[in-house]
Amino acid sequence: MAVASDETTRICNHCDRAIPSSNIDLHYAHCSRNLEKCKVCGDMVPKKHAEEHFLNTHAPVTCSLCSETMEREILPIHKGENCPQRIVTCEFCEFPLPAIDLAEHQEVCGNRTELCHLCNRYIRLRERYNHESRCNGIPEDHVGSSRNVRPVEREQGARRRQPPEYSRKRLLFTIAIAGIAVLLGSLFFQKTMETGPVV
């Protein structure tokens, strides 16, 4: 059963809270002795924890990526969106790199070309999405491209060049020469160690 209270309240001069008039003196003595108002956020904090409250809530912090100093509540936004050293991914090659280097990297990376298998033209990566939306699949022989596509490339697609094949004899000869050089070097080193260091 709730008892209706007609008791009036008064505002504490220290914490600005409404306190029943009958308890205001006792409250004020306790409040002013044990609590203090944070100068930054206005919260009432126990005096013995005031410094800890400031350090954990309001003290400037340093970004671990770029060493910039800022308020603690801004740090997560800074690291996720504004930090020049945050890791971002190139939209063309998906290579992770610092945000400060992204524009320069994408300038070069976006100029690389790939063969469009629909029209057999080499298209810059930065233009690929626009090209794919309007490419009708008909080879455009009358329009010049940055590189003439040879018929062999049309059949094989955009495969990379393979390194030249070396003959087995040439490979064995190279290994034999390297082995002899190592053997002579170790014999020479052993000989110099037996006679003493050369000064």
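**The annotated segment and other local features**

Modeller: The unreviewed UniProt entry places the feature "transmembrane region" at residues 171-189; UniProt positions are given in the numbering used here, feature names are shortened, and annotations may be inferred rather than shown by experiment. This is a predicted model, in which local features need pLDDT of at least 70, side-chain atom pairs count only at pLDDT 80 or more, and totals for chains, interfaces and linings use all residues. Residues are numbered from 1 along each chain as its sequence is written, and side-chain values use heavy atoms, with hydrogens and water left out.

Over residues 171-189 the chain is 100% helix and 0% strand, with the end C-alpha atoms 27 Å apart. Helices (H or I, at least four residues) and strands (E, at least two) are DSSP runs, numbered from the N terminus. Ile-177 lies in helix α7, residues 168-195. With 44% relative accessibility, Ile-177 counts as partly exposed; buried means under 20% relative accessible area, exposed over 50%, and partly exposed in between (1.4 Å probe, protein chains only).

Ile-177 also belongs to a nonpolar surface patch with Phe-173, Ile-180, Leu-183, Leu-184 and Leu-187, and together they have about 620 Å² of accessible area. Accessible areas come from the Shrake-Rupley method with a 1.4 Å probe, and for residues only the protein chains shown count as cover. Patches are made of residues with over 30% relative accessible area and no salt bridge; nonpolar side chains (Val, Leu, Ile, Met, Phe, Trp, Tyr) are joined within 5 Å, and like charges within 9 Å. A salt bridge is a side-chain nitrogen of Lys or Arg within 4 Å of a carboxyl oxygen of Asp or Glu.

For Cys-12, the nearest cysteine sulfur is that of Cys-15, 3.7 Å away. Cys-12 counts as buried, at 1% relative accessibility, and Cys-15 likewise counts as buried, at 8%.

Note on methods:
A disulfide is a pair of cysteine sulfur atoms within 2.5 Å.
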